[in-house]
Amino acid sequence: MSHNKTNQTRVVRRTKRRRLKKRAFFILIPLLVILAGVSYASYLYIKADSVFSNSYEDDGREKSELREAAVDPTKDNVSVLIMGVDASNIRQNADNSRTDTLMVATLNKKNDSVKLLSIPRDSYVYIPEIGREDKINHAHARGGTTATIDTVENLLEIPIDYYVKVNFEAFIDVVDAVDGINVDVPYELKEQNSKDQAGAIHLLPGEQQLNGEEALALARTRKQDNDIERGKRQQEIIKSVVRKAASLNSVLKYDDVIDAVGSNMTTNMTFSEMKSFISYGTAGKNLNFETLSLEGNDYQPGNVYYWQLDQVALQETKQTLQSHLGITPSSSTVNSTDGTTTSEENSSPY
């Protein structure tokens, strides 16, 4: 009898040990996953801090001349000028590149809303740097970032608080880093690639997944439409990249995304200021994201083509952006600390 009891005791002990091992296993695995996630997030944070800090450049402006005080993006409405320049290693034109893509984003902190305006590259506007009207994309070639900011502020009568400038390689690398994006190609097109090889990219119409080179070709082409439609495509492509990057499947791609952006970007935003925009990205479906464009018509006084802006529509766009930033037209200046305005006679340089 004692022998049977001993065997039963051993069986019971083995069973308990197995149960304890199973419990430990089910507790340990989630714990390891959490620790791995925390470690990866910490790694990404440290890397982003290093990479994006290296992308920072001091543009010599403490604030826009249209601001009374410097903005604090954690509580103020701010604007960001996005410049996609046609600089590349093949072209070797970093010092005199033009803005192939030009957008202005206004961000409203209270409403977690973003308005994204696409400015046609051939827009016929006044460029303060050269003292006459010309294509807006020539501003960067003539005076770099500063000349472009001055031109956009003069055009829209809003302060430009921050800027982000990227080149072709950044666009291609980011799209490739998230394993491509799904977009609707409106028509068949043959376009050059980033190495300026004519006809290297051939796309058929329809919804499909594009790699970096293909997405760039779609963003740049305008052979079958105009700058307005081109701007709309670019806005849709940007939204597709953001959606793909924000998806769970792309979390492990963030390392590559950081490398792609950081090595091809310059900005006057510090890493700390960049972090203040996270709330817009995490707003999800609650984010009010509106895209805008500048209406106009073809204008060709000689051999050079321009996009002549419709002045009535331009005025409406100015008012929309000014309202979104919480400021009044150029007859007033903005107080960045509380979003109110102070009327001053002839306060605007424009």
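I began with Met274, which lies in helix α7 (residues 271-275); helices here are DSSP runs of H or I with at least four residues, strands are runs of E with at least two, and both are numbered from the N terminus. The model is a predicted one, in which local features need pLDDT of at least 70 and side-chain atom pairs count only at pLDDT 80 or more, while totals for chains, interfaces and linings use all residues. I noted too that residues are numbered from 1 along each chain as its sequence is written, and that side-chain values use heavy atoms, with hydrogens and water left out.

Entry: Met274 and its surroundings.
I looked up the accessibility of Met274 and found 17% relative accessibility, so Met274 counts as buried; buried means under 20% relative accessible area, exposed means over 50%, and partly exposed lies in between, with a 1.4 Å probe and protein chains only. Leaving out residues up to four places away in sequence, I listed Phe52, Met265, Thr267 and Met269 as the residues that Met274 touches, where contact means heavy atoms within 4.5 Å. Phe52 and Met274 are 222 residues apart in sequence, yet their C-alpha atoms are 9.0 Å apart in space.

Entry: the cores.
Phe52 came up again when I turned to the largest nonpolar core, which has 41 residues and in which Phe52, Ile181 and Leu218 have the most contacts; such a core is a set of buried Ala, Val, Leu, Ile, Met, Phe, Trp, Tyr and Cys residues joined through side-chain atoms within 4.5 Å. Another core lies apart from it and has 26 residues, including Leu81, Val104, Ile119 and Ile136. For Ile181 I then went through the contacts beyond four places in sequence, and among them are Val175, Leu210, Ala215, Ile237 and Lys244. Val175 belongs to helix α3 (residues 168-177), where Phe168, Ala170, Ile172, Val174 and Ala177 are buried as well. Just after α3, I found that Asp179 takes a positive phi of about 60°.

Entry: the sheet.
I traced an open sheet of six strands in the order β11-β6-β1-β2-β3-β12, with mixed pairing; two strands pair if DSSP finds at least two bridges between them. β11 (265-267) and β12 (288-293) stand at the edges with a single partner strand each, so one side of each is left without a neighbour in the sheet. On average, neighbouring strands of this sheet are turned by 20° against each other, direction ignored. Strand β3 (residues 113-118) runs parallel to β12 and is joined to it by six bridges; Lys115 has Glu290 in β12 as its bridge partner. Helix α2 (residues 138-156) packs on the sheet and touches β1 (78-85), β2 (99-108), β3 and β6 (162-166), and its direction makes about 140° with that of β1; the axes are lines fitted to C-alpha atoms, for helices over the stretch in contact, with angles from 0 to 180 degrees between N-to-C directions.

Entry: Lys318.
Is Lys318 buried or exposed? At 10% relative accessibility, Lys318 counts as buried, and this lysine is found in helix α9 (residues 311-325). Beyond its neighbours within four places in sequence, Lys318 is in contact with Leu155, Leu156 and Glu157.

Entry: aromatic rings.
I counted four aromatic pairs, using the rule that rings of Phe, Tyr and Trp (its six-membered ring) pair if their centres lie within 6.5 Å, with planes under 30 degrees apart taken as stacked, over 60 as edge-to-face and the rest as tilted. The rings of Tyr124 and Tyr299 have centres 5.5 Å apart and planes at 50°, so this pair is tilted. Tyr124 lies in strand β4 (residues 124-127) and Tyr299 in strand β13 (residues 296-299), so the pair ties together parts that are 175 residues apart in sequence. Tyr299 and Tyr306 also form a tilted pair, at 6.1 Å centre to centre and 40° between the planes, and ring pairs thus link Tyr124, Tyr299 and Tyr306 into a cluster. Tyr299 is partly exposed at 28% relative accessibility, whereas Tyr306 is buried at 12%.

Entry: positive phi in loops.
Most residues other than glycine have a negative phi. I noted Asp112, in the loop between β2 and β3, with phi near 50°. Asp196, in the loop between β8 (189-191) and β9 (201-203), has phi near 65° and is partly exposed, with a relative accessible area of 30%.
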